[in-house]
Amino acid sequence: MVNNVLEQLTPDARLSRRKPVYNFGAGPAMLPGPVMEQAQSELLNWQGTGMSVMEISHRSEEFVAIAEQAESDLRKLLAIPDNYHVLFLQGGASSQFAMVPMNLATTDSTADYLYTGSWSGKALKEAARFCRVNTAASTEDSGFTTLPMAGDWQTSPEAAYLYYCDNETINGVEFGFIPEAGNVPLVSDMTSNILTRPLDVSRFGIIFAGAQKNIGPAGLVIVIVREDLVGRARKKIPSLYDYAIQSREASMYNTPPTFAWYMAGLVFQWTLEEGGVGEMQARAGWRSSQIYRCIDSSDFYSNNIDESCRSRLNVPFSLADESLNGKFLDESRKQGLLALRGHRSVGGMRASLYNAMPRAGVDKLVEFMGYFEKRYG
Ligand code: PMP
């Protein structure tokens with residue numbers, strides 16, 4: 001069955017007008033070939049208007065139609081219930097590190113955080129500027145190679161919310177389950193794995209995701225927020241950062257990043273046409289299993305993340321002989337396999353495998369890794 005799924009992965013032919021390269025960067029990441037081609041073809045004259053999407057007013061009938069279609073397609077993709085607002089904001093995913101505590105906590109309340117890697121770490125540091133932060137669990141001792149066992153969390157009885165990062169892009173750790181938060185609103189950073197599997201949105205208070213991996217250009221952040229959590233913001237915050245104002249204004253309190261919003265809409269349409277998030281889940285599983293198999297079947301490559309929580313989207317790996325790192329990067333680049341350098345805080349390599357990565361890119365990387373090991377191992 002998986003084989004049938006694979007036949008549908010974006011064939012190279014559909015990337016024909018792009019350079020034959022595969023970008024394994026963590027983000028901004030490669031976008032689907034057909035989306036880039038459509039954007040190019042209508043860049044100067046969107047639907048016969050004689051204008052680019054970039055040049056039309058966000059309040060125009062045309063742009064409002066784009067915006068509404070994008071929201072409705074995202075609602076369809078993730079089966080978002082009606083009692084959730086969907087916001088298209090700017091400031092990137094990091095804006096939510098501050099907006100979440102500003103909107104859900106007071107200076108005296110406590111927010112629980114699961115500290116599982118760089119991005120949840122950054123989020124909890126930011127939250128500490130706005131409220132009390134309780135690190136309910138941390139996997140720092142393991143070097144962020146595991147996830148905290150649910151029974152071991154030290155949550156606060158009256159927590160304003162429980163926060164976690166569903167996929168730690170830098171460390172390569174992904175939750176395979178939704179943390180149990182009881183009556184406390186659950187907040188999830190899904191920047192690097194949104195749209196890669198079906199989701200029970202009703203389990204969450206807030207889901208947010210920066211766009212630059214599976215959605216579109218950087219700068220845009222999508223926020224899915226349950227309606228009862230809107231309208232609780234502390235008083236002295238900028239209007240821009242108040243979920244209630246942004247919901248009331250349909251994310252157009254000020255001029256939104258219109259082009260990024262339009263691109264996100266094209267990516268949502270592409271995702272629907274390709275079969276939706278169930279299909280994306282099958283592809284993500286296939287892609288990552290190819291790379292992990294290649295790593296695990298060799299002594300030359302290694303990945304030290306506990307198998308139960310290895311990320312399907314970001315696969316960090318090291319070479320046994322680190323002096324070969326430069327050579328690996330040079331040679332892979334020459335083969336059109338780009339941006340494999342690991343994050344500076346972790347070192348080694350990292351292959352990011354988002355929805356737009358075609359099957360051929362994965363095949364080519366596996367082939368290259370095999371060749372490199374034979375040549376230098
Ligand atoms: N969270 C996660 C999981 C990320 O991977 C990133 C960016 N790579 C961010 C947050 C921050 O995103 P931004 O740069 O858009 O603020």
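The model is predicted, with an average pLDDT of 94 for the protein. A nonpolar core of 57 residues is the largest in the model, and 13 residues surround the ligand.

**Confidence**

- Across the protein, 95% of the residues score a pLDDT of at least 70.
- A friendly caution applies here: where pLDDT is low, the predicted coordinates should not be read in detail.

**The largest nonpolar core**

- The members that touch the most others in this core are Leu78, Leu195, Ile215, Ile222 and Phe268.
- Helix α7 (residues 258–273) is the top contributor, giving 9 residues to the core.

- Ala70 sits in helix α3 (residues 61–78), and counts as buried because its relative accessibility is 1%, under the 20% cut-off.
- Beyond residues up to four places away in sequence, Ala70 touches Phe88, Trp261, Gly265 and Phe268.
- Ala70 and Phe268 are 198 residues apart along the chain, yet their C-alpha atoms are separated by 6.8 Å.
- Helix α2 (residues 33–41) has Gly33, Val35, Glu37 and Ala39 buried, and α7 is included in what covers the buried residues of α2.

**The ligand site**

- Of the residues that surround the ligand, the closest are Ser94, Thr169, Asp189, Gln212 and Lys213.
- Ser94 places a polar side-chain atom 2.5 Å from an oxygen atom of the ligand.
- From Ala93, a backbone N or O atom lies 3.0 Å from an oxygen atom of the ligand.
- Lys213 contributes a side-chain N or O atom that is 2.9 Å from a nitrogen atom of the ligand.
- On its own the ligand has 400 Å² of accessible area, and the protein covers 85% of that.

**Asn171, a buried polar residue in a loop**

- You will find Asn171 in the loop between β6 (167–168) and β7 (173–174).
- Its relative accessibility is 9%, so Asn171 counts as buried under the 20% cut-off.
- The Asn171 side chain reaches the backbone nitrogen of Ser118 at 3.0 Å.
- Leaving out neighbours within four places in sequence, the contacts of Asn171 are Gly117, Ser118, Phe144, Ile305 and Pro316.

**Helix α9 and its surroundings**

- In helix α9 (residues 325–334), the buried residues are Asn325, Phe328, Leu329, Glu331 and Ser332.
- These buried residues pack against the strands β11 (301–302), β12 (314–319), β13 (337–338) and β14 (349–352), and against helix α10 (359–376).
- After α9 comes Gly336, which has a positive phi near 85°.

Key
Residues numbered from 1 in each chain as written. Predicted model: local features only at pLDDT ≥ 70, side-chain atom pairs only at ≥ 80, totals over all residues. Heavy atoms only, no water. Core = buried A, V, L, I, M, F, W, Y, C linked by side-chain atoms within 4.5 Å. Buried < 20%, exposed > 50% of the residue type's maximum accessible area, 1.4 Å probe, protein only. Helix = DSSP H or I, 4+ residues; strand = E, 2+ residues; numbered from the N terminus. pLDDT = per-residue confidence, 0-100. Near = heavy atom within 4 Å. Polar contact = N/O pair within 3.5 Å; in protein donor to acceptor, adjacent residues only side chain to side chain. Areas by Shrake-Rupley, 256 points an atom, 1.4 Å probe, with all protein chains shown as cover. Contact = heavy atoms within 4.5 Å.
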